[in-house]
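Okay, hi everyone, thanks for coming. Have a look at the screen.

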Amino acid sequence: MITVLIADDHDIVREGIKQIVSETTDIVVGGEARTGAETIEQAKSGTWDVIMLDLNLPDRPGLDVLAQLRAIAPHVPVLVLTMHHQASYAARCLC
Amino acid sequence: MRAWLATFTVVTVLPLLVLLVAIFAIQVRREQRDARETALRSARVTAARLTSLYADSISLLERLAARPGIADFDSSGCDSLFAVTDFFPQYADLLLFDRGGTLLCAAQPQPDDVAVSTAARQWIVSDLRAGRLVARKPLMRFLAGRWASAVALEAGNGSRLVLVQLPDIEVHDVVASTTVVTIVDRDGIVVARTAEPERWIGRYVANRGVAATAMREKEGQTADIGIDGVSRQYGFTYIPRMEWHVYVGVATDEVMAPVRSTFLRGIAAGAAILLLVALAAMLLSNVLARPINALARAAGIVAAGAYGTVDISRGPREIAQLAQAFNAMVESRTAFEKTMAESERNLKALSDRLLVVQEQERTRIAREVHDDLGQSLTALKMDVLGLLQSVEPTHAAVRDRVVRTLDSIVTAVQRIASELRPSILDDLGLGAAIESEARLFEERTAIECELSLPDQIELDPARAAATYRIIQEALTNVARHSNATRVELRVRRRGGDLLVDVRDDGCGITAEEIDDPGSLGLIGIRERASIIGGTVTVEGIAGRGTIVSVCIPLQAGERSQA
């Protein structure tokens, strides 16, 4: 079973993701975070197979949160969910 | 003013100088004419004296010769000679020679004329023996510092009486000290000359200057060169009985001396007057020029864009009034300019504030659009996609259209949010935002955009946003107006500044377009640059393209050095 942490400040998005995931049999939403701080907190306290991260969080830039996640949980893959299509975003996320 | 006064002085003084010269010329001619007339009178007087002397001498000698003691001379006759000497006031000697030229008698000279009489006796003896002393032909000779004349007359038995006198032919009524009296006989030989007699007596001068004129015209006056080469004013006359020509000359230099002196005094006086007039003119010029210069300086200051008033405590009333009017005008204009400047500052502050507020408002709206509308659309899309999975294959076309519409709406929302405030600017910084803008520009316009960026751009968010907007506006101008096929966007650091060049290969902006108040894009660029202390230069070359150069200080509070 794949346990996912969803980090997004929009309830409607989190709900939508949970609905899509609920239709699968091998993925489960194990936690939700509305801010960057909550995301870091949950990443430290829980065990995650995947973290789904929005780059637009209200308290801090998503890219900063991503960098922290890479530091505290380097082996946990992070799936970035964003409306920004520019390649530079992808490049920065991969750094 | 000084030039005008100088002209006035010249116009006043020059005629005076001309008048002075004219008076001098007239005076010169008058003095020379007077000198010639005086010389002529003197020549006539001399001629008259010589004629009278000669006539008296001949007359008395004839009477003497007729005396029995002389006509039939014996040794006692000598006494009678002494008896007649009183008739000759200028007597120097009276001699009686026999046929053979032997001196028989001689009257004793006056004690003070002994030297002359002695010399005269030697002269007479010599000329008599040489045959030069002919009866009734007068001779003259300069002897021992005085003029001596001699006249011979035949007495009885072949004897000869010779009377030697000391005629006064010095010219006393001619003032000039250089007056020269010359007597020339009918053959052009100098008989007598008051100047350098030893040099000239006996010389032939008939072909020389005034001598030739006198021999030709008998009587008259002329300005000529003397036989000694000196320029003189001459009067000349003729003594028919003696066949002598007498001419009297006054040196032209001496005639001119008083006139020249008068002229020089006149020139000196004129110069003094000129100096006084010049000084007065200068003084007047200073009095007039000082306030006018002050006025001109103040006007120059005003023309240069600053303001200055004129302090005129002295000077003509009219100029003071002009200065007061000028000061009033300057004060009025100063007040007006202050009001204008304040108004301009207020407008600028308002404009700056509007741009800041606009940016803030755009950011807020972009966030609203993204957070609310965007996320709702995303959720909606996820729901719709979930629903559409159960749609019958027969409705596939409708399903695809719904998906495309949703994608289109999401893309539009993203574009609108991005245009309002590109989050990439906040998320990834100015470099990434510029790069993204360049790529978008290429996609939208099909104009190739060559980008050159530094590794890192360190600008605070406000300056980064302004720089981004400037580039965005410059690229928009290229797309709208340049008709370019290629644009070069170059960003680099230089010292404490960030330099941005946007260069296209289009038609080239004109000078009129650069200054056109309707060029809102350029005005926006300048305004945004001004807010962050930057400068903008725009240059266009017809057919070659346009370059917009912006210089932005990297640190807030600094002004661009460009």
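Let's start with a histidine: B:His245, which sits in strand β10 of chain B. Before I go on, keep in mind that this is a predicted model.

So, is B:His245 buried or exposed? Its relative accessibility is 3%, and because buried means under 20%, B:His245 counts as buried. What does B:His245 touch, if we skip residues up to four places away in sequence? Its contacts include B:Thr182, B:Ile183, B:Val184 and B:Asp185. Also among them are B:Ala214, B:Met215 and B:Lys218, and then B:Thr237 and B:Tyr238.

Now let's zoom out to the sheet around that histidine. Strand β10 of chain B belongs to an open sheet of five strands, in the order β7-β6-β10-β9-β8, and the pairing is antiparallel. Which strands stand at the edges? Those are β7, residues 190–193, and β8, residues 220–225, both of chain B. Each has a single partner strand, so one side of each is left without a neighbour in the sheet. From one strand to the next, the twist averages 25°.

Take one pair here. Strand β6 of chain B, residues 180–185, runs antiparallel to strand β10 of chain B, residues 244–251, and six bridges join them.

Helix α6 of chain B, residues 209–217, touches β6, β8, β9 and β10 of chain B, and its direction makes about 160° with that of β8(B). Then there's helix α7 of chain B, residues 252–303, which touches β9 and β10 of chain B and makes about 35° with the direction of β10(B).

Okay, next sheet. Chain B has another open sheet with five strands, ordered β2-β1-β5-β4-β3, with antiparallel pairing. Here β2 (103–106) and β3 (139–143) of chain B are at the edges with a single partner strand each, so again one side of each has no neighbour in the sheet. The twist in this one averages 25° from one strand to the next. Inside it, β4 (residues 146–154) and β5 (residues 160–165) of chain B pair antiparallel over six bridges. You can find B:Val151 standing opposite B:Leu163 in β5(B). And lying across β1, β2, β3, β4 and β5 of chain B is helix α4, residues 114–130, at about 140° to β3(B).

In soluble globular proteins, nonpolar side chains tend to be buried together. The largest nonpolar core here has 59 residues, and the ones touching the most other members are B:Leu430, B:Val487, B:Leu489, B:Val502 and B:Val550. Which helix gives the largest share? Helix α12 of chain B, residues 461–482, with nine residues. If you click on B:Val487 and skip residues up to four places away in sequence, its contacts include B:Phe441, B:Ile447, B:Leu475, B:Val478 and B:Val502. Apart from that core lies another, of 34 residues, including B:Trp147, B:Leu153, B:Met242 and B:Val250.

Now some helix pairs. In chain B, helix α8 (residues 317–388) and helix α9 (residues 396–420) have axes that come within 9 Å and cross at roughly 165°. That makes α8(B) roughly antiparallel to α9(B), and their crossing is left-handed.

Helix α8(B) also packs with a helix from chain A: α1(A), residues 11–22, at an angle of about 15° and with the axes 9 Å apart. So α1(A) is roughly parallel to α8(B). On the α1(A) side, the contact is made by A:Ile12, A:Val13, A:Gly16, A:Ile17, A:Gln19 and A:Ile20. On the α8(B) side, you've got B:Gln375, B:Ser376, B:Ala379, B:Met382 and B:Asp383.

Last, the two chains overall. Chain A has four helices and four strands, following the pattern β-α-β-α-β-α-β-α along the sequence. Of its 95 residues, 39% count as buried. Chain B has 14 helices and 15 strands, and 42% of its 562 residues count as buried.

How values were computed: Residues are numbered from 1 along each chain as its sequence is written. Chains are lettered from A and ligands numbered from 1 in the order in which they are written. This is a predicted model: local features need pLDDT of at least 70, side-chain atom pairs count only at pLDDT 80 or more; totals for chains, interfaces and linings use all residues. Side-chain values use heavy atoms; hydrogens and water are left out. Two strands pair if DSSP finds at least two bridges between them. Helices (H or I, at least four residues) and strands (E, at least two) are DSSP runs, numbered from the N terminus. Axes are lines fitted to C-alpha atoms, for helices over the stretch in contact, and angles run from 0 to 180 degrees between N-to-C directions. Contact means heavy atoms within 4.5 Å. A nonpolar core is a set of buried Ala, Val, Leu, Ile, Met, Phe, Trp, Tyr and Cys residues joined through side-chain atoms within 4.5 Å. Buried means under 20% relative accessible area, exposed over 50%, partly exposed in between (1.4 Å probe, protein chains only). Angles under 35 degrees count as roughly parallel, over 145 as roughly antiparallel, 65 to 115 as roughly perpendicular and the rest as oblique. A crossing is left-handed if the near helix is turned anticlockwise from the far one by less than a right angle, and right-handed if clockwise.
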